[in-house]
Amino acid sequence: MAIDLKDAYGLKTPEDSRRLYATWAASYDSGFAQAMAYRLPEAVAAAAARWHMTGPILDVGAGTGLVGLALKSYGLGPIDGTDIAPEMLEKAAQKSCYAAFFQGDILAGLACKSQTYQGITSSGTFTTGHVGPEALPEIVRLLCPGGLAVLSVSRAHWHGSNFPRHIDTLPGITARAVDEVSIYGDGAVGDRAADTAYLLRFRRR
Ligand SMILES: C[S@@+](CC[C@H](N)C(=O)[O-])C[C@H]1O[C@@H](n2cnc3c(N)ncnc32)[C@H](O)[C@@H]1O
C-alpha cells in the first residue's frame, strides 16, 4: 500500500496511528524520509546537543529511529525509544543506536516511573492527526528535575491546537524557548515541501 503525507495528516485517533505506521514502517525511511529530504530528526538532535542534553534520553514517537541515529552522531545517549507502533520500533532496533525500546501511547501515559529521563526528544510526532498538547504533562512527568525536552511541533498544529496556551499553563517548566525550522530539505516535492515546525525546548524545574 502506498502511503503519503495526506494519510498521516488525516489520522484521528491513536489506534489510527498504530495501524497506519504498522504499514508504513517498511517504506518510511526510503519512501518518505529520503524522498522528502526529511531533516527534522537532525534538527531536533542538533538542538538537543546545542542545549547540552545529557542521558538517559527518551525519544518519544521514535519511529524508525532517525532521531536516535542523529543523537548518536552528536555523542548523546544512552537513548530509549518509545512508540505506539511496534513495527516502527523494529526498524529502529536495526539501527543499533537505542539502549531499549518500549511500546506505548504517550496520550494514555507511558508505563514508566516519574523523573526517569534527563532528556526527552520528539520529532514529527506532535503533528496534525497525531499527538496534541495534552501529552505535554506526561513529558514533564518523565523528566528529572533540571532535565531538558526538545520537541518538534508542526507549525499548523502549533497554532491549530493552541500550543502556546497549553505551554503557558504547563506547571513545573522553565527555560522555555522556541525556534522555527524547515521539516524538509532541498529536493522535497509536493504541497508540504515548504512546511516548517517549531522546536519547543524547556527544562523541568
Ligand atoms: C512522523 S512519525 C515520526 C517518527 C520519527 N520520530 C521521525 O522523526 O522520523 C510519527 C511517529 O509517532 C508515532 N505515534 C503516533 N501517535 C502516537 C502516540 N499516541 N504515542 C506514541 N507514538 C505515537 C507513530 O507511530 C510514528 O512512529
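User: Where does helix H6 lie?
Analyst: Helix H6 (residues 86-93) lies across strand E2 (79-83) and E3, and runs at about 170 degrees to E3. Contact means heavy atoms within 4.5 Å. Axes are lines fitted to C-alpha atoms, for helices over the stretch in contact, with angles from 0 to 180 degrees between N-to-C directions. Helices (H or I, at least four residues) and strands (E, at least two) are DSSP runs numbered from the N terminus.

User: What should I know about the source?
Analyst: This is a predicted model, where local features need pLDDT of at least 70 and side-chain atom pairs count only at pLDDT 80 or more, while totals for chains, interfaces and linings use all residues. Residues are numbered from 1 along each chain as its sequence is written, and side-chain values use heavy atoms, leaving out hydrogens and water.

User: OK, the sheet. What is the strand order?
Analyst: E3-E2-E1-E4-E5-E7-E6, an open sheet of 7 strands with mixed pairing; two strands pair if DSSP finds at least two bridges between them. Strand E3 (100-103) and strand E6 (173-182) are the edges, each pairing on one side only.

User: And how many bridges join E4 to E5?
Analyst: 6, with E4 (residues 117-126) and E5 (residues 143-154) running parallel. Gly 119 has Leu 148 in E5 as its bridge partner.

User: Switching topic: what does Trp 24 touch?
Analyst: Neighbours within four places in sequence aside, Trp 24 is in contact with Ile 3, Leu 5, Ala 8 and Phe 32.
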